[in-house]
Amino acid sequence: MASSQEEVTLLGATGSPFVCRVHIALKLKGVQYKYVEENLRNKSELLLKSNPVHKKIPVFIHNEKSIAESLVIVEYIDETWKNNPILPSDPYQRALARFWSKFIDDKVFGASWKAVFTADEKEREKNVEEAIDALQFLENEIKDKKFFGGEEIGLVDIAAVYIAFWVPMVQEIAGLELFTSDKFPKLHNWSQEFLNHPIVKESLPPRDPVFAFFKGRYEILFTSK
């Protein structure tokens with residue numbers, strides 16, 4: 001638990017899966033923190049000062065020291081507050097967790113996002129295929145485990161919140177079938193278990209306004225095509 005002397009602040013935006021990762025990690029650890037909602041069209045001085053390299057959210061500020069990049073932040077939280085470990089203690093398992101978390105960002109996020117929010121049809125089809133191929137690797141990896149971390153939520157589960165919550169939304173908006181129970185039964189079972197975890201439920205943004213926001217972006221993209 002964070003002591004009363006510690007200052008913990010998270011700069012974010014409600015619809016961001018990357019910010020949601022940090023919310024989950026902090027709540028798993030029981031850390032008290034201040035959340036500051038950023039207007040990404042008019043970024044605050046605090047955000048620009050705290051993340052001058054990328055000027056993006058999330059930014060985590062602990063005792064006036066700022067850290068950027070969601071997976072880096074989650075690891076920092078895990079190393080700072082030792083209760084309810086997020087990464088495994090075994091070095092090999094820890095390396096695997098980092099590998100699959102990076103895989104989600106490198107292979108799943110980009111392809112699934114472009115499969116929806118790309119105007120060019122051939123490019124969309126290419127990204128649909130890439131997203132499905134990437135999800136198959138995760139289907140094979142989860143096997144019959146409750147979570148990627150075993151019986152408890154770990155780094156890969158937190159990284160994969162985008163798959164569990166955001167992918168079903170954006171595929172519904174675009175009328176795609178990227179992530180379904182038929183294609184990926186084990187991964188789908190994991191997603192339901194994960195989304196129903198009390199900490200995750202508390203950390204997720206409200207679905208309807210997030211859905212409306214991304215549907216608006218999708219409609220603008222194809223109206224202006």
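Let's start at Glu219, which sits in helix α10, a stretch covering residues 207–223. In this predicted model, Glu219 counts as partly exposed because its relative accessible area is 42%, and partly exposed covers the range between under 20% for buried and over 50% for exposed. Follow the chain to Ala174, 45 residues away from Glu219 in sequence, and you will find the C-alpha atoms of the two separated by 9.6 Å.

Now turn to Glu129, in helix α5, which spans residues 121–142. Is Glu129 buried or exposed? With a relative accessible area of 54%, Glu129 is exposed, since the cut-off for that word is over 50%. While you look at a helix, here is a handy rule: an α-helix has 3.6 residues a turn, so residues three or four places apart point the same way.

For buried residues, visit helix α3, residues 70–80. Among the buried residues there are Leu71, Ile73, Val74 and Ile77, and Ser70, Glu75 and Asp78 are buried as well. What do the buried residues of α3 pack against? Their partners are the helices α1 (17–29), α4 (91–116) and α6 (155–159), along with the strands β3 (59–62) and β4 (65–68).

Our last stop is His197, in the loop that joins α8 (185–195) to α9 (198–203). Beyond its neighbours within four places in sequence, His197 is in contact with Leu28, Phe147 and Ile153. Lys27 is 170 residues from His197 along the sequence, yet their C-alpha atoms are 12 Å apart in space.

Key
Residues are numbered from 1 along each chain as its sequence is written. This is a predicted model: local features need pLDDT of at least 70, side-chain atom pairs count only at pLDDT 80 or more; totals for chains, interfaces and linings use all residues. Side-chain values use heavy atoms; hydrogens and water are left out. Helices (H or I, at least four residues) and strands (E, at least two) are DSSP runs, numbered from the N terminus. Buried means under 20% relative accessible area, exposed over 50%, partly exposed in between (1.4 Å probe, protein chains only). Contact means heavy atoms within 4.5 Å.
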